[in-house]
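User: Good morning. I would like to go through a structure with you, one topic at a time.
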Amino acid sequence: MPAHDVLIIGAGLAGQRAALAAAEAGSSVGIVSKVHPVRSHSVAAAGGINAAINVADDWKSHAYDTVKGSDFLGDQDAIEIMCSEAPREVMHLEHIGVTFHRNDDGELDLRAFGGASMKRTAYVADITGQAILHVLYEQLMKHHEQVDRYEEWFVTSLLKDDGGRCCGVIARDVRSGRMEVLKAKNVILASGGAGQVYSPTTNALIVTGDGIAQAYRAGAPLMDMEMVQYHPTTLVENGLLITEGARGEGAVLLNSEGERFMEKYAPNKMELASRDVVSRAEQTEILEGRGVGANKDGIYLDITMVPRKRTLEALREIVNIGKDFAGVDITREPIMIRPGQHYIMGGVKTDVNGATSVEGLYAAGEVACVSVHGGNRLGANSLLDTLIFGRRAGEHAAARAASMAMPQVSDAQLHDDVAMIDEIIARPHTGRRVSAIKRELGETMNQYVAVYRDEEGLQTAQGVVARLQEEAKSAYIDDKGTVFNQDVLGAIELGYMLDCAEAIVLAAIERKESRGAQFRTDFPERNDEDWLKHIDISLNGDGPGIGYSPVTFTQWRPEERKY
Amino acid sequence: MAETHKPPEKFTLRMRRYDPESGQAPYWDEHTIELEPHRSVLEGILQAKAEFDGSIGIRCSCRAAICGSCGVRINGEPGLACHTHLDHARASAKDGAIEVEPMGNMPVIKDMIVDMDAVHWKKVQRVTPWLINEGPQPEREHIVSRESMVDITQTMACIQCGACVSDCLAMEVDPGFIGPAALAKAYRFVGDPRDEEQRERLLDLSEDPQGLYDCTHCFKCVEACPKDVNPMGQIMRLRRIAGNDQHIVDRNNGERHEQAFVTLVKDSGLLHEAELLPRSYGGNSWFGKFHPAAGKELLSSLPVAIRGVMKRKMSIKIALFGHKIPKQDLDAVKKIYAKIESKPERYELNLYVSGEDEEEAA
């Protein structure tokens, strides 16, 4: 069986960065991805990456903005690490070839972004994630002798040895259907978020919470799961993302009365307040009858005042999205948007080196919760999170690998997982379709666990999720084959999504206050006295149990949050 | 304001299915789905998958034309399924049913899923696809011009979907051709002022008989690309840098051929076909035809020339003396040359940099 010092699950930005860091530290590295690495969802990150690289800027200002953006739930030691290491990381990306946009002096250009006290977002048009992802993949091709790539391999379980240490994974080669044990001294989860738990979502179809659920099942606690970000500008049509870079370039939000309503909610930062604030403002306008469109469920995003040439150069992708998916030329007319599920701040609880509470298991990127985003992530901090903590996890895992022997692994779990897949394929067509359960889950979450939440709705969602978990046990598929059986993978992903949904709803019910992305209409105030703490969800016997962890403070005490 | 969309309609999807485990040949499979007409072909396929048959195989992920997974052929034309509207696809269908097939030039694994590793990624790896910059790095960023980064961002915008590879005619004839996607990727480094091996890269690609000069200029890749990467344009730019800047004389004779072409049009306003070959091989002047290499080429192309005369595609007079165009037209052609040649730097028309049209009048 293949064996690696460091085995990485997921090949988006966090995974590829971890692989390169571990390889550079001398480890033998394997990187597993259920899709080809450049298809990873990091590719969709549009607007840019934050770093205090302007000589007039200071990483502490970036850190404070991040703390405030998190509604004081972010752990400040981790935030300090992320923001202070950001400039060096961006320069490293530039050195390996990322084509960052320049100013007229040939230096990195910076654009404005939400919740930031100055321009500090480096960018490549509005394809920043794609540009960085493809450049990292160039580096993986360059270092092919140190990094083995398992492209289109799907992980079914994490393996633990008798001492409770993570020692590899079971994975299926999607193309051949062959199942294998991949042995490792360390496993780094970098498999992204869980956006598909919601419908609609800006997230790609592959973003199904795999790593979050795998870690949870392996005994690692999840943290901040109630904190689900709704992005303020997603297409009413189908939930696709319109980058915050649009507002960074000057676009405004208008209600049905043509009013720039952000004046009422965030008089200083206006459209560039943090995402939770802008999304709530939009939702309030819609609920109070000032939405636009036939169903009055949208808001206009108007970018027509930005010079057309600048829009075409710096926001080309959303010009295309407007044209191709909404039939709107955004350089000439406003486009209808609304808040839509975009990001999950919560994830597998880690320390600042990406280590989870399971020895040998790391997590980095959206799958993880360090927590640098707390209650709300700032735009252009997610790319930074993936790269900083991906690198740190890679380095730390490599150091750990250097001082240990390759673990012994039995193939008992392999037989269990083969049997699990055989059982799914053999199910009679008597229950519900996997696709039907997935749809009901997404719609339920989007209805009850969204921008505004209350006890009654959350209880309803909890009931639905519990029923769907039962129904999923007999949910059937059509594909009986072994080659590229996407259907059977969909059934396994459904299980991952349901675990994530269960944790999200439970944490949202537990947090009886409003902070960051969690707004409870029945508890509309932030309550620092009782709730300035993280909620942890861990597997306890057959079901989830609730715990708490303190928030780490360094320099900044909680204060009233205004934009 | 945003247009109001039409209500859902029924669409017939006819998908090419292939199950490698069945031992059966590929076949067509039809499903009728119902969606608003501006929804994508991919959404149609996903509906068919969710409601009728989960075994339909297609790679897909982002739904927004950025991940590059869902490259297919729709009614025979390559593109992304997520980037093609159902009503547009129906309009180009031959009998009302939207036909979706796997891309060409790559082996099919299952249904609409092709083996991109065996072709596309292998070719990408051929062009040394990483920045070569081994010296000590600056403390901060490299200082490079704004335009240079926007310029290579066009090739950086390639999502590696394979649509251009699918219908590359040169690759169909010569499967070893490096091809449009990989050569566009090569431009991303050749055009990058931070890369230290521009000349070595261009020498490598010019010397390879299946490299830079194997492209036949058919424009298929330009039409196929969903991201305006313009692969053929990038190949032509590689050629110009190789020939004009690096003076690379390639074994494919591409650079001399291009020089001969440019000189002939400059001198007579139209191409003088009979002079092109000797000048390409014997040197770019009237005396070129007396060079032994030119003589050999001329001799070998005699049968074609004779056939051309026999079929009245050309006359002996034109073959000997070339075309004549009116003087004012010739002057106009010379003016274009003068204008372009007077520029201190080569003029590269790049719509990606300059934008689609001029600023609107204020």
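User: Which residue in E5(A) is the bridge partner of A:Arg111?
Analyst: The model is a predicted one. In E5(A), A:Thr121 is the bridge partner of A:Arg111.

User: How many bridges link E4(A) and strand E5 of chain A, and in which sense do they pair?
Analyst: E4(A) and strand E5 (residues 121-122) pair over two bridges, in the antiparallel sense.

User: In what order do the strands of that sheet come?
Analyst: The order is E3-E5-E4 in chain A, an open sheet of three strands with antiparallel pairing. Strand E3 (49-50) and strand E4 (110-111) are the edge strands, since each pairs on one side only.

User: Let us change topic. Where is A:Val358?
Analyst: A:Val358 sits in the loop of chain A between strand E15 (347-349) and strand E16 (361-363).

User: Is A:Val358 buried or exposed, and why?
Analyst: A:Val358 is buried because 20 other C-beta atoms lie within 10 Å. The cut-off for a buried residue is 20 or more such atoms.

User: Which residues does A:Val358 touch?
Analyst: Leaving aside residues up to four places away in sequence, A:Val358 touches A:Cys166, A:Ala218, A:Gly219 and A:Ala220.

User: What separates the C-alpha atoms of A:Val358 and A:Ala314?
Analyst: Their C-alpha atoms are 43 Å apart, and the two residues are 44 residues apart along the chain.

User: What domains does chain A have?
Analyst: Chain A is divided into domain 1 (3-227 + 343-402), domain 2 (232-338) and domain 3 (412-533). The C-alpha centres of domain 2 and domain 3 of chain A are 30 Å apart. Four residues from domain 2 of chain A and five residues from domain 3 of chain A make up the contact between them. On the domain 2 side there are two polar and two charged residues, and no nonpolar ones.

User: And how many residues of chain A are in contact with chain B?
Analyst: There are 60 residues of chain A in contact with 52 residues of chain B.

User: Which element of chain A gives the most to that side?
Analyst: H4(A) gives the most, with seven residues. Elements that give two or more residues include helix H3 (76-96), helix H4 (128-142) and helix H15 (486-510) of chain A. By class, the side of chain A that touches chain B has 29 nonpolar, 15 polar and 16 charged residues.

User: How many residues are in the largest nonpolar core?
Analyst: The largest nonpolar core has 269 residues, and those with the most contacts inside it are A:Ile8, A:Val187, A:Ile188, A:Ile504, B:Ala81 and B:Leu238. H15(A) supplies the largest share of this core, 17 residues. In soluble globular proteins, nonpolar side chains tend to be buried together.

User: What does B:Leu238 touch?
Analyst: Among the residues that B:Leu238 touches are B:Leu183, B:Tyr187, B:Val190 and B:Leu212, not counting residues up to four places away in sequence.

User: Which residues are buried in helix H1 of chain B?
Analyst: In helix H1 (residues 41-51) of chain B, the buried residues include B:Val41, B:Leu42, B:Ile45 and B:Lys49. Among the elements covering the buried residues of H1(B) are strand E1 (9-17), strand E2 (27-35) and helix H2 (86-91) of chain B.

User: Finally, how many residues of domain 2 of chain B are in contact with domain 3 of chain B?
Analyst: Twelve residues of domain 2 of chain B are in contact with seven residues of domain 3 of chain B. Helix H10 (residues 231-245) of chain B provides six residues, the largest share of the domain 2 side.

How values were computed: Residues numbered from 1 in each chain as written. Chains lettered and ligands numbered in written order. Predicted model: local features only at pLDDT ≥ 70, side-chain atom pairs only at ≥ 80, totals over all residues. Helix = DSSP H or I, 4+ residues; strand = E, 2+ residues; numbered from the N terminus. Buried ≥ 20, exposed ≤ 12 C-beta atoms within 10 Å, placed from the backbone. Contact = placed C-beta atoms within 7 Å. Domains from an automatic or database assignment. Nonpolar A, V, L, I, M, F, W, Y, C, P; charged D, E, K, R; others polar. Pairing = 2+ DSSP bridges. Core = buried A, V, L, I, M, F, W, Y, C linked by C-beta atoms within 7 Å.
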